[in-house]
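Here is a short briefing on one protein chain. Keep the structure open and follow each stop as you read.

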Amino acid sequence: MTDERATTAGPMDAVESANAGQIALLELIARQAPLPEVLDGMARCIERLTPHEVLVSVLLADPDGRHLRHGAAPGLPDFYNEAIDGIATGEGIGSCGTAAHRREPVIVTDIATDPFWADFRDLAGRAGLAACWSTPVLARDGALLGTFAMYHRTPRVPDESDLTLARIFAGTAALAIERHHDEQARLAAEERARAALEELAEAVRDAERRAAAAADLAARMRAAATAQATAPHPEHCQLGGVPPCEAPAEIKIADSWGDAAWGCPDHVEEAIINVRSVFIASEELGGLAAYLNR
Ligand SMILES: [Zn+2]
């Protein structure tokens, strides 16, 4: 860790290497790398850049801003990250919960004595953490996106350059998280559009099926009317109910119980569509038609 920092920060001046690190991060954001990858890269970049040991943590706010979820903290132990995952935002809930609640940086220089850390002092002790400076990560519209924290192994008061670095990287984190949210929103919108299109396509297919069925029925009725034109039949439609239909009887229909009647095309169509057992009494039905013609 010490050697790695020396290599990175050694020949280059701190600002130059900070810029190089930030450019690499912005490239990650620009090519839409997954958010955990960007935040992880950011955390490691800062951990390399700073001359003294620092451990970086990014927590992500729930949409309602009431809880903070694990985002990235490659240098912190798993048991610590798991314990912090899901903490509430609020006054006095560690550095991050308080910073998220206040929407302003919260600098805890000594975890061992700070009242904000009363509930997390033992946990921090087990992880070897002595100071925690947290900066809220805010969207352009001021909405809470999460927190950006720098932990230290010994009690520490930040100097001006520490605060500048925290502000710059909280801004970078905001960019990455907002980009991620925009991407999620775009994917959700695409999914809604795809579902709506599918629904529309299904409605069109359904309408086409019904149109085809109606055309098929009309063709069969025309054929039946032609075939039955010479058969003896009543003058008027028998299907009209009260008052009786005055239209000429053209087509004979029947049902599977042997009842038969003559109707006009409109009433025959209505009967075939609405009564499942009704069919056109076609001569082609052979035995059944003969039976129905009795
Ligand atoms: Zn009729």
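Glu104 sits in the loop between α5 (94–102) and β4. Keep in mind that this is a predicted model. The chain has nine helices and nine strands. Of its 294 residues, 39% count as buried.

- Is Glu104 buried or partly exposed? Its relative accessible area is 42%, so Glu104 counts as partly exposed.
- Glu104 is in contact with Ala99 and Pro136, leaving aside neighbours within four places in sequence.
- Glu104 and Thr135 are 31 residues apart in sequence. In space, their C-alpha atoms are 6.4 Å apart.

**Val54, another loop residue**

- Val54 lies in the loop between α3 (35–49) and β1.
- Val54 counts as buried because its relative accessibility is 1%. The cut-off for buried is under 20% relative accessible area.
- Which residues does Val54 touch, not counting those up to four places away in sequence? They are Ile46, Glu47, Met150, Tyr151 and His152.
- Val54 and His152 are 98 residues apart in sequence. From C-alpha to C-alpha, Val54 and His152 are 5.2 Å apart in space.
- Now take the chain as a whole. Among contacts between residues at least 6 apart in sequence, 52% join residues at least 24 apart.

**The six-stranded sheet**

- What is the order of the strands in the open sheet? The six strands run β3-β2-β1-β6-β5-β4, with antiparallel pairing.
- β3 (87–88) and β4 (106–108) stand at the edges. Each has a single partner strand, so one side of each is left without a neighbour in the sheet.
- In general, strands of a sheet pair through backbone hydrogen bonds, either parallel or antiparallel.

**Strand β6 and its partners**

- Strand β6 covers residues 144–152. Nine of its nine residues are buried, so β6 is largely enclosed by the rest of the structure.
- Strand β1 (residues 55–61) pairs with β6 in the antiparallel sense, over six bridges.
- Leu59 has Thr147 of β6 as its bridge partner. Val56 has Met150 of β6 as its bridge partner.
- Strand β5 (residues 131–138) is joined to β6 by eight bridges, and the two run antiparallel.
- Leu138 has Leu144 of β6 as its bridge partner.
- β5 and β6 form a hairpin, with five residues between them. In the turn, Gly142 has a positive phi of about 90°.

**A helical stretch from the record**

- UniProt, in an unreviewed entry, places the feature "coiled-coil region" at residues 180–217.
- In the model, residues 180–217 are 100% helix and 0% strand. The end C-alpha atoms of this span lie 55 Å apart.

**The zinc site**

- Which residues coordinate the zinc ion? They are Cys237 (SG), Cys245 (SG), Cys264 (SG) and His267 (ND1), at 2.0 to 2.3 Å.
- Why is the arrangement tetrahedral? The four donor atoms subtend angles of 99 to 116° around the zinc ion, which makes it so. Four donors count as tetrahedral if all angles lie between 85 and 135 degrees.
- Along the chain, the donors follow the spacing C-x7-C-x18-C-x2-H.
- Cys237 and Cys264 link distant parts of the chain, 27 residues apart. Cys237 is in the loop between α7 (160–228) and β7 (251–255). Cys264 is in the loop between β8 (260–263) and α8 (265–274).
- Both Cys237 and Cys264 are buried.

**Helix α8, with two faces**

- Which residues of α8 are buried? They are His267, Val268, Ala271 and Ile272.
- These residues cover an arc of only 135° around the axis, which puts them on the same side of α8.
- The face of α8 turned away from its buried side carries the exposed residues Asp266, Ile273 and Asn274.
- What covers the buried residues of α8? The cover includes α7, β7, β8 and β9 (278–280).

Note on methods:
Residues are numbered from 1 along each chain as its sequence is written. This is a predicted model: local features need pLDDT of at least 70, side-chain atom pairs count only at pLDDT 80 or more; totals for chains, interfaces and linings use all residues. Side-chain values use heavy atoms; hydrogens and water are left out. Donors are N, O and S atoms within 2.8 Å of the metal (3.2 Å for Na, K and Ca); water is not among the atoms, so sites may look incomplete. Four donors count as tetrahedral if all angles lie between 85 and 135 degrees; four count as square planar and six as octahedral if opposite donors are over 155 degrees apart and all others between 65 and 115; anything else is irregular. Helices (H or I, at least four residues) and strands (E, at least two) are DSSP runs, numbered from the N terminus. Buried means under 20% relative accessible area, exposed over 50%, partly exposed in between (1.4 Å probe, protein chains only). The arc is that of the directions from the helix axis to the C-beta atoms. Contact means heavy atoms within 4.5 Å. UniProt positions are given in the numbering used here, feature names are shortened, and annotations may be inferred rather than shown by experiment. Two strands pair if DSSP finds at least two bridges between them.
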